[in-house]
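Subject: The structure we talked about

Hi there,

Here is the structure I promised to pass on to you. Have a look around it before you read my notes below.

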Amino acid sequence: MYTDMIAALMHMRERIRARARALRAELPLVIVVFAGVLAAGLLTDAGARQSPPPAQIDSMEKLGEALFFDTNLSMNRTQACATCHSPDHAFTDPRDSGDAGRAVSIGDDGHSMGDRNTPSAAYAMLTPDFHINAQGKPVGGLFWDGRAKTLADQAMGPPLNPIEMGMPDKRTAVARLKENAAYVSAFDSLFGKDILRDNDKAYAALGTAIAAFERTKQFSAFDSKYDRYLRGEVQLTEKEELGRVLFFSTQFTNCSRCHKLKEFGGAEGETFTNYQYRNIGTPVNTSVRALNGSKPGYVDTGLAQNPSAAHLANAGMFKVPTLRNVAVTAPYMHNGVFKDLRTVVKFYNKFNSKNPRHQINPETGQKWGPPEIADMLAKEELESGSALDSKRIDGIVAFLKTLTDQRYEHLLEK
């Protein structure tokens, strides 16, 4: 009995050894195959896509799309435009940055973070180029301070930002383009042969291509419940209708003073921003400042950091954002200081209410933090409404939810 058992164990041991020898022999082949798959771009992370073969990049939009999802345009090859502007999350950053939550984005190096919230790229195509209007007011431009005059200028910013995608210079970025035969063919075809030999021209072409992709309909669908309501396809609920009336009112609220572009309230194609700049007294996001290495006493002067508007009168002003998809793009304000949409409405309401309860931030249980820059507050707009009760606040929030593109309605909190 024992002899048979020992024999069986010896046989099993030899089978195991034989299999181990076979695996060792196969291992180099496995490694080679895996390396080939990586080189072909067939394995990617959640933010990247395989670049299509040259024959498929036959338009500016397709080239821009490939670039938008390409993590190779970041220094460590970990981050694409789509990482911070995810198409699945209304073109905002869904990642959690630890104690900062989603207030700011983590850079390609895995730890760097800025001081401002990533704005949605949705509907950005409709932003006018930065300019000073006839009334002397700054209008348009991209980023919270409008420092990128055009959509293409904005697209060229993140790859070279050391705390974002981290490329050291244009030459390095263009070298990454040259690694991809599909890109070489597409750039030569769309921008002129040998354009990749000129780093400045090639990098500008990269921005032009990404901007072309961002002008496609998937960024600006105009198919929210509100749009369908305007076309007579759906009806608003009683709460949503109350919010709509309040939002466009010039008597009860101040919402449309800044968050309306067209003269007639409720017109089709409304982007819910006048593309101007205001200082609304947003408090500092202390959680972010504790993490991002800001020097003690640092103040984000907003528009005053824009070289085209760099004077003291603009300090503390930030661009009025679109309210399209606002209900699914938390957190809010230029620094992500508020987590909940209802908190934002309550923040505005505090300027018109003498009720002590309305002077408390519901997220902290403490008084609202002081403005980072108290001078030049937009008091005319902030104090032009009436105090709102809970029913009216709920109505405004309900209306803002109707501005969600149909593809993102599943993200709405019920």
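Let me start with a question: does Lys-170 count as buried, partly exposed or exposed, going by relative accessibility? Lys-170 has a relative accessibility of 32%, so it counts as partly exposed. Please keep in mind that this is a predicted model.

First, the chain as a whole. The chain has 15 helices and 4 strands. Buried residues make up 49% of its 414 residues. The chain exposes about 21,100 Å², and carbon and sulfur atoms supply 56% of that area. If you take the contacts between residues at least 6 apart in sequence, 64% of them join residues at least 24 apart.

Now back to Lys-170 and its partner. Side chains of opposite charge can pair when their charged atoms come close. Lys-170 forms a salt bridge with Asp-200, and the closest N and O atoms are 3.5 Å apart. This pair links distant parts of the chain: Lys-170 is in helix 6 (residues 170–178), Asp-200 is in helix 8 (residues 199–214), and the two are 30 residues apart. Asp-200 has a relative accessible area of 49%, so it is partly exposed. The cut-off for exposed is over 50%.

Arg-116 forms a salt bridge with Asp-300, with the closest N and O atoms 2.7 Å apart. Here, too, distant parts of the chain are linked, as the two residues are 184 apart. Arg-116 sits in the loop between helix 3 (81–84) and strand 1 (131–132), while Asp-300 sits in the loop between helix 12 (286–289) and strand 4 (318–319). Asp-300 counts as buried because its relative accessibility is 1%. Both residues also belong to a network of salt bridges that links Arg-116, Asp-145, Arg-147 and Asp-300.

Arg-257 forms a salt bridge with Glu-380, and the closest N and O atoms are 3.0 Å apart. Arg-257 lies in helix 11 (residues 255–258) and Glu-380 in helix 14 (residues 379–382), so this pair ties together parts that are 123 residues apart in sequence. Arg-257 is partly exposed, with a relative accessible area of 35%, whereas Glu-380 is exposed at 59%.

Next, the empty spaces. Rolling a probe the size of a water molecule over the atoms shows where empty space is left. How many cavities of 30 Å³ or more does the count come to? The count comes to 1. About 30 Å³ of space lies in the largest cavity. Asp-300 turns up again here, as one of the residues that line the largest cavity, and others include Asp-115, Asn-285, His-334 and Glu-372. The lining of this cavity divides into 2 nonpolar, 3 polar and 4 charged residues.

The second largest pocket has a volume of about 560 Å³. It is lined by 26 residues, and the closest to its centre are Asn-285, Ser-287, Val-337, Lys-339 and Glu-363. Its lining divides into 11 nonpolar, 8 polar and 7 charged residues.

Enjoy exploring, and write back with any questions!

Best wishes

Note on methods. Residues are numbered from 1 along each chain as its sequence is written. This is a predicted model: local features need pLDDT of at least 70, side-chain atom pairs count only at pLDDT 80 or more; totals for chains, interfaces and linings use all residues. Side-chain values use heavy atoms; hydrogens and water are left out. On a 1 Å grid over the protein atoms alone, a cavity is a set of points where a 1.4 Å probe fits but cannot get out, and a pocket is an open set with protein on both sides within 12 Å along at least five of seven lines; lining residues have an atom within 4 Å of a point. Grid points are joined across faces, edges and corners, and a volume is the space filled by probe spheres set on the points. Ala, Val, Leu, Ile, Met, Phe, Trp, Tyr, Cys and Pro count as nonpolar, Asp, Glu, Lys and Arg as charged, and the others, Gly among them, as polar. A salt bridge is a side-chain nitrogen of Lys or Arg within 4 Å of a carboxyl oxygen of Asp or Glu. Buried means under 20% relative accessible area, exposed over 50%, partly exposed in between (1.4 Å probe, protein chains only). Contact means heavy atoms within 4.5 Å. Accessible areas come from the Shrake-Rupley method with a 1.4 Å probe; for residues, only the protein chains shown count as cover.
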